[in-house]
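Here's a quick walk through one protein model, with an eye on its overall build and its charged side chains. Have the structure open while you read.

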Amino acid sequence: SIPEHMREAWRKFSPRGFTTKEEFEAEAVKHIETTLARSLFNCDELAAYSGTALAFRDRLIIDWNKTQQRQTFADQKRIYYLSLEFLMGRALDNAMLNVGLKNVAKEGLADLGFRIEDIIEQEHDAALGNGGLGRLAACFLDSMATLNYAAWGYGLRYRYGIFKQEIQDGYQVEIPDYWLDFNPWEFPRHDVTVDVQFYGWVNKYTDDQGKQIVSWQDGEIVTATAYDVPVPGYGTPTVNNLRLWSSKASSGEFDFAKFNSGEYESAVADEQRAETISAVLYPNDNLERGKELRLKQQYFWCAASLHDIVRRFKKSQRKWSEFPDQVAIQLNDTHPTLAIVELQRILVDMEGLEWDAAWDIVTRTFGYTNHTVLPEALEKWSVPLIQNLLPRHLQLIYEINLYFLQSVERRFPKDRDLLGRVSIIEESQPKMVRMAFLAIVGSHKVNGVAELHSDLIKTTIFKDFVKVYGPDKFTNVTNGITPRRWLHQANPRLSELIASKLGNYEFLKDLTLLNKLEPYVDDKDFKKEWAEIKYANKVRLAQHIQKTKGYSVNPKALFDIQVKRIHEYKRQQLNIFGVIHRYMAIKAMSPDERKKLVPRVSVFGGKAAPGYWMAKTIIHLINKVGEVVNKDPDVGDLLKVVFLEDYNVSKAEIIIPASDISEHISTAGTEASGTSNMKFVLNGGLIIGTLDGANIEITREIGEQNIFLFGNLSEDVEDLRHHHFYGDYQMNPELLKVFDFIKKGTFGDEGAFGALISGIAEHGDYYLVSDDFNSYCQTQDLIDEAYKDQDSWVSKSITSVARMGFFTSDRCINEYADGIWNIEPLQVKEENEVRSRT
Ligand code: HBZ
């Protein structure tokens, strides 16, 4: 660093960051005219966005640098959140709100000739994730920064995020999402690189001093380069770091000999192969397909992150035994499980620690979060695949397993079966490595993401590990969401109304303060404003539908929304069968009967994994039903069916505040938590749901009278499934009528939906659509009745919001910090903490 006596100029010129409208304008214009080489003659909205984003980026960098210095100086424990997915969405609006300068930007942009809403719209979503798991990671980053934890996210810098979805002729079509054309939010750190090795072979020998040496040799090297993304907290100067790795052929590797000898193409091919590693996000959620490239991605990212963490630790010159006092690593699902093996390899092979001492460090460092009990989603990698790609790691996995099984055998000497059941290696053909088991063995805590789910993992998939380790290793941290994005940013008017009653915006930092709204539940004026805001949000969604779909829907109708990944276990098929049932009922009614109905708009949105044929069929059916219903003159405004294309974070910000009812209707026991359920309720929507995931805790918090629950309980699911195969099972007759209606060709080619129907009617109905159909339809009728009483409906809405405090991701992060990471926030100086809030 610069010597003390030469720091004067630094101090004098170090930027402070803008705070006034004029200063913002100066920054934005400077960037537009110099960085972008545009002028007032050719500044379109995209250029105005770019200038604004660069101005805010500069503003963030100042606090970001200071945060990193403060954290380095404090030299306390840090959290490292390893996730293959970070579904961040847009950054500009978030940055403006978090630093408290959105109004400044709004006025400044108006001076420059732009509307802030149009400018915000220019930004491409950062869509480096599939669904709930990726968005949870993004909410956690927001909370960790807001609560002043010293935390880093580590992920991959995919060149292509989750695909863009188009609907053509009712079918999903996937378009690549190339999002990096202009990304002002990332900083390439060409000086921060890690060389990562693949393939090769393991050389074991004894050196002159008689010490066993293990070296992994002759592999192929790929270089990881860091790209850093600032993560601002709300109302605090803390700006944390999200480090994303990008792959390139290592400069040593790019074969200049080949190049010079005319093998240009093959040299380029090597380079491209290396770059392929971080090229694309795998678009499967809750399904693992065992592709070699996916395993390469996982190791590449784990190795780069681990070496980065170790490098930082080593600067402190502490003893290795202190590593777990300085470092907590959280594994977001099993995708980063190789990090466990990599740390053991670093400690034993590279740093020369004894096995037991190393393993003790490893297990004290890691925590593992499980997000699913679905068997098809549990990761397994074939032994031959790992053997070829990561030969040393396979040896270490076998060794870890050996010591683990020996300890199990010592404690349960008579239980041979137990050993087979808990073995990290599955004795199949080929043998498989069970990643969840490896993650459990290598961590000190394992958590599920809602109470029911955390109980289920203890009694089903990880039952034997509870026996081995005792129950205390397993814990629950119910998911949460950040109220900054999902209330303040997505629903600014509701946030403002709440602030007007509570006196300030403190509830955004302490969501339990929402309970101070309860006294207003019967306040007429307040209720009127509350209802007006919901209506305005519905008008906004109706405009979006008009713009994107080309037809109008009535904003006075009941908006019934189901937006999430399309999956059989989430049961969008139950919803659309219910819609068809309603359509049939309307068709059979007299005009007078129709007059009594509550008009409904059924909104669907979500992507299907490109290879998930049944999910695509469900999308197809929804679209075909829409085509028929929406133009049926018997129906008119009474029912509209809308499939919104390309559901993503920024669309969620428009859709969620506009719901009257949203659907969270998974087969009981299959949805680990769900997080959109929380987002909808926090925005004043009521929900229809099964007793699954976090729905149960939401009910406990807001009260049974404020939620529409239906369907079978998770403890009955197994018996029901059994009964389908072995009992005298009868399909639900109303659902059969729906099937007949489809089979008649009402929605076009009936053959297209044959497998969807027969899966339920003939092949066991694994997701219990038929079992829950009656209860679902009856509950939908109750919803219609309840909606007619708008006064009581609005009271339910307010009461629910008032009781949602528990579901903030801030609470969640504090629970992880306390119960798993053993870490305290880093105090930030008082004078910095006071920030203007808009
Ligand atoms: O994680 C979701 C759960 O389904 C949901 O219930 C929960 O609320 C949420 C956060 O805990 N899981 C996912 O979103 N999972 C994936 O997206 C996924 C992606 C790649 C995979 C496996 C799962 O290989």
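The protein chain has 35 helices and 24 strands, counted as DSSP runs (H or I of at least four residues for helices, E of at least two for strands) and numbered from the N terminus. Its radius of gyration is 28 Å, close to the 28 Å that the globule rule gives for 838 residues, so the chain is as compact as a globular protein of that length. That radius is taken over C-alpha atoms, and the rule is 2.2 Å times the number of residues to the power 0.38. Along the principal axes, the C-alpha trace spans about 95 × 75 × 60 Å.

A word on ground rules: this is a predicted model, where local features need pLDDT of at least 70, side-chain atom pairs count only at pLDDT 80 or more, and totals for chains, interfaces and linings use all residues. Residues are numbered from 1 along each chain as its sequence is written, and side-chain values use heavy atoms, with hydrogens and water left out.

Of the 838 residues, 60% are buried. Buried means under 20% relative accessible area, exposed over 50%, and partly exposed in between (1.4 Å probe, protein chains only).

Now for the charges. Side chains of opposite charge can pair when their charged atoms come close. Counting a salt bridge as a side-chain nitrogen of Lys or Arg within 4 Å of a carboxyl oxygen of Asp or Glu, the total comes to 61. Here are three of them:

| Pair | Closest N to O |
|---|---|
| Arg115 and Glu117 | 3.9 Å |
| Asp142 and Arg484 | 2.9 Å |

Lys570 sits in the loop between β19 (558–563) and α23 (572–587), and Glu671 in the loop between β22 (661–664) and α27 (676–682), so their bridge ties together parts 101 residues apart in sequence. Lys570 is buried at 10%, and Glu671 is buried at 14%. By contrast, Glu117 is partly exposed, at 39%.

Salt bridges with shared partners also join Arg189, Asp228, Arg243, Asp308, Arg311 and Arg312 into one network.

Which residue of helix α29 (residues 714–726) is worth a look? Glu718 lies there, and is exposed at 66% relative accessibility.
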